[in-house]
Amino acid sequence: MRVIDPHMHMVSRSADDYERARLAGVECCIEPAFWSGTDKRHAGSFFDYFEQIIDFETERAERSAGVDHYVTIGLEPKEANYTEMAEEVMDRLPEYLDREHVVGVGEIGLDQGTPEEEAAFRRQLRMAEEHELPVIVHTPHEDKVAGTERLVEMITEEDVTEERIVIDHNIPETVEVSLQTDCWLGFTLYPGKIERSAAIDILEEYGTEKMLLNSAADWDPSDPLAVPKARDEMLDRGWSRADVREVVFENPYEFFDRAPNFEFEAEPGVERVGDAEPAEADD
């Protein structure tokens, strides 16, 4: 069964990970700009990084495994606290939003919940609204419920198009908060965020409408096969193939298809050879 992973940090992975993901059914991934392990201290570091994920990673994904690769561009909240540098980066962000392979703004949001992070979040929300682009919102690692509540408040106050926003890194305690909006809900299958069984439990309780699963395959212990493994667990639990396909393919396709540069072809109803049986999940 075909898979789109809407939050895959492949700049941090090897070419072998692209190959493994493709063999597991991942045909398309979206790589958001993110905190890359250490704080960037110069605006130029961001611009070099943006160029790398827009051009080199897109080419590497195709060359390594035939994976369609897209990116979202943004100032991650942790580094929004370097105010002078952050302003310089945000001043130039619009240059990147119309670039080929760029399909949204993100990830943006809160880390420590500082005034600087909030100002950067609001500015980039407005930027996305002006460009009519999807947005990936990062909820904080700590005080997640309060942070999610604050993000929802700011989204409401900015009066932006909520249907183009995914509030990501949800946990069971934040679902009701995120559902107060018309935003999409993302669940990051990653140690310290949410295990795939818990995410599937939430889908079984709340349904699949506007729900996304993603991997956040980054520098720390993580798994670029997290979404295919969730797909297989859903099938093992007795989910219909149509419902599973909605979560792992149709929903992320619908969300990012709002972006003018998203050119991945959904081919509705077409299954690839070998799709008759689900792949066996690795543990």
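**Notebook: core and sheet**

I looked up Phe50 and set aside its neighbours within four places in sequence: Phe50 is in contact (heavy atoms within 4.5 Å) with Ala33, Ile73, Gly74, Val89, Leu93 and Tyr96. I note that this is a predicted model, where local features need pLDDT of at least 70, side-chain atom pairs count only at pLDDT 80 or more, and totals for chains, interfaces and linings use all residues. Residues are numbered from 1 along each chain as its sequence is written, and side-chain values use heavy atoms, with hydrogens and water left out.

Next I looked up the nonpolar cores. A nonpolar core is a set of buried Ala, Val, Leu, Ile, Met, Phe, Trp, Tyr and Cys residues joined through side-chain atoms within 4.5 Å; buried means under 20% relative accessible area (1.4 Å probe, protein chains only). The largest has 59 residues, and Phe50, Ile73, Ile165 and Phe262 touch the most other members. Another core, of 34 residues, lies apart from it and includes Tyr18, Ala61, Ala217 and Val247.

Then I turned to the sheet. Strands are DSSP runs (E, at least two residues), and helices are too (H or I, at least four), numbered from the N terminus. Two strands pair if DSSP finds at least two bridges between them. I found 8 strands in an open, parallel sheet, ordered S1-S2-S3-S4-S5-S6-S7-S8. S1 (3-5) and S8 (211-214) are the edge strands, each pairing on one side only.

Last, I checked S4 and S5. S4 (residues 102-109) and S5 (residues 135-138) run parallel, joined by 3 bridges. Val105 stands opposite Val135 in S5.

How values were computed: Buried means under 20% relative accessible area, exposed over 50%, partly exposed in between (1.4 Å probe, protein chains only).
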